Amino acid sequence: ISNFNSIYSQNATRRLANHQHHFYTHMKDHLQPLDVRFTLLERQDPQSASLEQVPYHSCGETFKVAAETFPTATNFDPRIDHFRGNVLIAGDSVGRQLYFWLSARAKRQGIVDETAPPRVDHFLMTKILDAYGGGRIMFMAHISSDEFHYGLGRDQRNSMLRAGILPIQTMIFRTAWPHFQLRGEDVGALKPNFYFDLLHQAQNTYGVENMIMLTTPHNNNAALNPVAFRKDGQMLREFVIHYNKQPPSSSSDGNVKNIKNLLLFDLEQLTNKLAERNARTLGIPEGEPTFARTLKGFNVLVGRNPDRRMTMKMSQALVCGYEAGPDGQVEACPKGPSGLSADGTHWCQHTVGPRFMSGILCLLSCMSSSSPYQTKDDIHSCEMVCNHQFASLMSVFHRHEPHRPLTLEEMMQRAKGNTNY
């Protein structure tokens, strides 16, 4: 990681000569800057289904168990106040969950342009009404090998231009097993080269200026291997830090420029906090047993097709409520599910959704044109606050007004030691 320019020159520039960098250079002059604003609202009934049911890995009413166990994690919801800019979520089924949660949130608020197409090419799309910014929230399940390495075809690019979704200002990237040329055996063995290529291919293929990367939780179904995923997570954290401290040099012919903002949302840390808290409820010892103690492997529905199932082990600390069973000996939780995860990999929107969504909206706000944080140092201070607040179980409420959620500015003040918040 320390020798960024060397890695960059060997692995990123070699495939960029024929990409579409110059095409996006003049397009960005006509693109409105990213501007995302949000507010946190108290959920009047912590056990109410205040988020719409979404058509992907919903948990139904089982979230009530977790609402009793995790009151600070389930008693608020984010409200999207303004959303300008094209934001693409790229990843696997957990990225798809994030897309559906944000889309459902916007629809519930009545700020979605229902006349806009819900899909363009292989992008799912939710268009926000112009009165609320006119931005687009999009999801892409994975990138084909040709698209990743050689860019968009002319017809594909033109159809995306006509739909107004290019250039894409911001990509939210979740390392997608087994997509993006990744395989199960790559878990624990990722190298900076992969992310270097990703950043510059995203920029040249889609015109991306900002990137938010997500660490991978230990419960990803590519491999139930907490140690390996933690190794990848630490490598990604170091990659983001070093890229921002020592960006690689731009190429002499102008084909490659550095990403403007590279931020991190530490989803692994949020997952760890949820698992550790629930493990105490279950009586599971702290440390490795918290993450490694499992249910016996059994068939889990994949997506919505009853004929598509996979056999996997589930972490008891995420899927069980109130009482755990013997490690690897039982196929179901003795006293019912936790309401945190339905299958050990995907999340219940009523419990984990608010923090996950708010963390992403918070980071988008840090990079927004209307944000008071415009220097690199200020943006990364804002990034740290978003993670400290939302990649944790910390209360979002005012110290002296227990029913008033904090604003982002108040969170920043609290992080600086201001005891008024």
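This is a predicted model: local features need pLDDT of at least 70, side-chain atom pairs count only at pLDDT 80 or more; totals for chains, interfaces and linings use all residues.
Reader: What makes helix α13 roughly antiparallel to helix α14?

Author: The axes of α13, residues 353-366, and α14, residues 376-390, cross at roughly 170 degrees. Because angles over 145 degrees count as roughly antiparallel, α13 is described as roughly antiparallel to α14. The axes also come within 9 Å, and two packed helices are described by the angle and the distance between their axes.

Reader: Which residues make the contact between α13 and α14?

Author: Contact means heavy atoms within 4.5 Å, and on the side of α13 it is made by R355, S358, G359, C362, L363 and C366. On the side of α14 it is made by I379, C382, E383, C386, N387, Q389 and F390. By class, this contact has seven nonpolar, four polar and two charged residues.

Reader: How do you know that the length of α14 agrees with its number of residues?

Author: At 1.5 Å a residue, counted over one less than the number of residues, the 15 residues of α14 should span 21 Å, and because its end C-alpha atoms are 21 Å apart, the two values agree.

Reader: Why is strand β9 called mostly covered?

Author: A residue is buried when under 20% of its relative accessible area remains, and five of the five residues of β9, residues 261-265, are buried. N261, L263 and F265 point one way, whereas L262 and L264 point the other way.

Reader: What makes strand β8 a partner of β9?

Author: Two strands pair if there are at least two bridges between them, and β8, residues 210-214, has five bridges with β9, in the parallel sense. N210 stands opposite N261 in β9.

Terms used. Residues are numbered from 1 along each chain as its sequence is written. Side-chain values use heavy atoms; hydrogens and water are left out. Axes are lines fitted to C-alpha atoms, for helices over the stretch in contact, and angles run from 0 to 180 degrees between N-to-C directions. Helices (H or I, at least four residues) and strands (E, at least two) are DSSP runs, numbered from the N terminus. Angles under 35 degrees count as roughly parallel, over 145 as roughly antiparallel, 65 to 115 as roughly perpendicular and the rest as oblique. Ala, Val, Leu, Ile, Met, Phe, Trp, Tyr, Cys and Pro count as nonpolar, Asp, Glu, Lys and Arg as charged, and the others, Gly among them, as polar. Buried means under 20% relative accessible area, exposed over 50%, partly exposed in between (1.4 Å probe, protein chains only).
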